[in-house]
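Biologist: Before we discuss any particular feature, could you show me the model and take me through it step by step?

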Amino acid sequence: MSPSRISRVVVTPVAFADPPLLNVVGVHQPWALRAIVEVHTDSGLVGLGETYADEAHLARLSAVAASLGGIDPFDLAAVRRVVVDVLGRETGGAGASFGGMLDVKSAVDTVHSPFEVACIDLQGHETGRPVSEVLGGRVRDSVPFSGYLFYKWAGHPGLPDDEWGEALTPEQLVAQAHRMVDGWGFGSLKLKGGVLPPSEECDAIEALRDAFPDLPLRLDPNGGWTVDTSVAVASRLSGVVEYLEDPTPGIEGMAAVSARTDVPLATNMCVIAMEHLPLAIAADAVQIVLSDHHLWGGLRRSQLLAGITETWGLGLSMHSNSHLGVSLAAMTHLAAASPTLTYACDTHYPWKTQDLIKPGVLSFSDGALSVPTGPGLGVELDRDMLGLLHEQYLECGVRRREDTVYMRTIQPDFEVNTTRW
Ligand code: GKR
Ligand code: MG
């Protein structure tokens, strides 16, 4: 029997409501964008991927989508070749915008990722195996996630308050954490910092420790602190946090902090591509790398990253951006097939109120997701919701993630100073 071939690829930008979550570069816009990639085969199957949806990224996705026809979904090398060829013909190498937090030099990995995931989904459908098995086999049947806490306003200015309410004090954050823990069962918590002066963020972490003495806690100011401030925070929170994530920017800065503390340092900012690993390892800049298949070029390259971190004795965790269920399914399969991923994965999932996959497959219990056992990713698109979220994209007017620009419409004097403290 001849192998099935890619017959058609559809890229659909979607928008979903997002609360005013604060971070070092500003605040989330009222709408978060994603793109859903559907790869169809001549055998009648469809594989799914999910990725960023900034306009420049969408243009690249469309260019690649138009060039994938005829490829065997098992031929991942051919898929990557097409991405490299198509992007090589394009001008401008930057990836998606990441709200101004990351400087991604090449678009190849970010563009490759959703097509690779969709092809691996197809491989699962072709073979009747879940993606976790296609990736080499499950080492866990359920994947723990951490509750992701954010400082936030009660609502977007000019819009009604959202159901989470304001969180700007330790008490309000503890209430938010209770909602995450009581409602979702999360067994660890991460606070997005870089918003308030570090001493106030330490107060919040200590309040969380008092309220949840058994839960591992993380604090991530996205490089918002100087080296000295990072060391001071590490000294105050030693024994309280399981790791500090990106306290200060850059490999050099992280290495300077690392040399002065025993608190483990994690990153999804200074090690964001293979080329950063040798320097970070040589400088002992970080002890934990957060993988992210959207950024690192897909599921297989994330497994490659896992092999490198294992070889060099680094810990492995998983990063998240605002996302929907197709991404959550892919993250869950990847985590299930990653033996050294021993930290609970990040997810923004509780913050969204809509999804475009049919309900039932991904449901949190004790802060964890059972790994889907059906073929492929195990999730199916809800076509009505896909249509609705696409309509929202067309109508919302947001065309790229711009936390700072949006923040300045509310606080015109807002300064982006990545080491603000
Ligand atoms: O959603 O505001 C946010 C986060 O700050 C996100 O953009 C980060 O990429 O969650 C991420 C992180 O761990 O740095
Ligand atoms: Mg981070």
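Predicted model: local features only at pLDDT ≥ 70, side-chain atom pairs only at ≥ 80, totals over all residues.

Biologist: In which sense do E14 and E15 pair, and over how many bridges?

Modeller: Strand pairing is read from the bridges between two strands, at least two being required; here E14 and E15, the latter covering residues 368-370, run in the antiparallel sense and share two bridges. They belong to an open sheet of three strands, ordered E6-E15-E14 with antiparallel pairing. Because strand E6 (142-144) and strand E14 (364-365) each have a single partner strand, they stand at the edges, and one side of each is left without a neighbour in the sheet.

Biologist: Which residues coordinate the magnesium ion (ligand 2)?

Modeller: A metal site is read from its donor atoms, and for this ion they come from Asp220 (OD), Glu245 (OE) and Asn268 (OD1), at 1.9 to 2.1 Å. Along the chain these donors follow the spacing D-x24-E-x22-N. Glu245 lies in strand E10 (residues 243-245), whereas Asn268, 23 residues apart from it, lies in the loop between strand E11 (265-267) and helix H9 (277-282), so that the pair links distant parts of the chain.

Biologist: Are Glu245 and Asn268 buried or exposed?

Modeller: Burial is judged by relative accessible area, with under 20% as the cut-off; Glu245 is buried because its value is 0%, and Asn268 is buried at 7%.

Biologist: How many disulfides does the structure hold?

Modeller: It holds zero disulfides. Cys270, for instance, is in none, the nearest cysteine sulfur being that of Cys345, 19 Å away.

Terms used: Residues numbered from 1 in each chain as written. Chains lettered and ligands numbered in written order. Heavy atoms only, no water. Disulfide = S-S within 2.5 Å. Donors = N, O, S within 2.8 Å, 3.2 Å for Na, K, Ca; no water. Helix = DSSP H or I, 4+ residues; strand = E, 2+ residues; numbered from the N terminus. Buried < 20%, exposed > 50% of the residue type's maximum accessible area, 1.4 Å probe, protein only.
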